[in-house]
Amino acid sequence: QFEFSVDSFQIVLDSMLSHYEQSQLPMSQSHHPTVLGESMYGDFSTALHHLRNKLIATKRPEEIRGGGLLKYCNLLVRAFQPASQEEFKALERYMCSRFFIDFPDIGEQQRKVEAYLQSHFIGEDKSKYDYLQILRKVVNESTVCLMGHERRQTLQLLASMSVRVLAEQSAIPDASCVTCYYQPAPYVRDHNFSNYYVANQNIPTWLPCN
């Protein structure tokens, strides 16, 4: 099942396989099998336009397991842009809702995101942090299906994972000395706000983000 137009392409090799199984004649300009390319998105030329121009388009994300949320943020971190900004503001809410329906437990969410990072960002440590920041931003701005404490819990998880990624890159001295804070809403614009600070002493556990 495809999630977005840019990953909806399929190559149909049936005629080529039949040619090798049945034909005794060698291939030539006048005698050769055809290979069919198609897009499950429905419109091949539109999907190809999206791929060439790094545009994001999807249909009914609420019917996709996980809502396509993780793949969507992966495309964003790779400089793809929504084909329609206005439409995707609504689609982001569907993506988030389906993701949290399929993965309601915080442990499931952590395992899913960690597995996605391991399989899609091999050798791309810098992109892992950028990806988590984009995912956190989308969840923060577009999640409407969670209770307040559930939403804060997920945002805290993504913030903690981001700090851990920075620590693995030695971008901060020691992850055990870092306290994560939750910035309550996207309309709070404090330019002096920092997502973490380095303490003067070791702190054995993560402090809760209230």
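## Helix α7

Helices are DSSP runs of H or I with at least four residues, strands are runs of E with at least two, and both are numbered from the N terminus. The expected span of a helix is 1.5 Å times one less than its number of residues. In this predicted model, local features need pLDDT of at least 70 and side-chain atom pairs count only at pLDDT 80 or more, while totals for chains, interfaces and linings use all residues. Residues are numbered from 1 along each chain as its sequence is written, and side-chain values use heavy atoms, with hydrogens and water left out.

Helix α7 covers residues 148–168, 21 residues in number. From its first C-alpha to its last it reaches 30 Å, close to the 30 Å expected at 1.5 Å a residue. Just after α7, Ser170 takes a positive phi of about 60°.

## The protein as a whole

The protein has seven helices and six strands, and along the sequence they follow the pattern β-α-β-α-β-α-β-α-α-α-α-β-β. Of the 210 residues in the protein, 38% are buried. Among contacts (heavy atoms within 4.5 Å) with a separation of 6 or more, 69% come from residues 24 or more positions apart.

## Aromatic pairs

A pair of aromatic rings is described by the distance of the centres and the angle of the planes. Rings of Phe, Tyr and Trp (its six-membered ring) pair if their centres lie within 6.5 Å; planes under 30 degrees apart count as stacked, over 60 as edge-to-face and the rest as tilted. The structure holds seven aromatic pairs. The ring centres of Phe9 and Phe44 are 5.4 Å apart and the planes stand at 80°, so this pair is edge-to-face. Because Phe9 lies in strand β1 and Phe44 in helix α2 (residues 44–53), the pair ties together parts that are 35 residues apart in sequence. Phe9 is partly exposed at 29% relative accessible area, and Phe44 is partly exposed at 37%.

The rings of Tyr116 and Tyr131 have centres 5.7 Å apart and planes at 15°, so they are stacked. Tyr116 belongs to helix α5 (residues 106–120) and Tyr131 to helix α6 (residues 125–142), so this pair ties together parts 15 residues apart in sequence. Tyr116 is buried, with a relative accessible area of 10%, and Tyr131 is buried at 0%. Ring pairs also link Phe4, Tyr72 and Phe88 into a cluster.

Terms used
Buried < 20%, exposed > 50% of the residue type's maximum accessible area, 1.4 Å probe, protein only.
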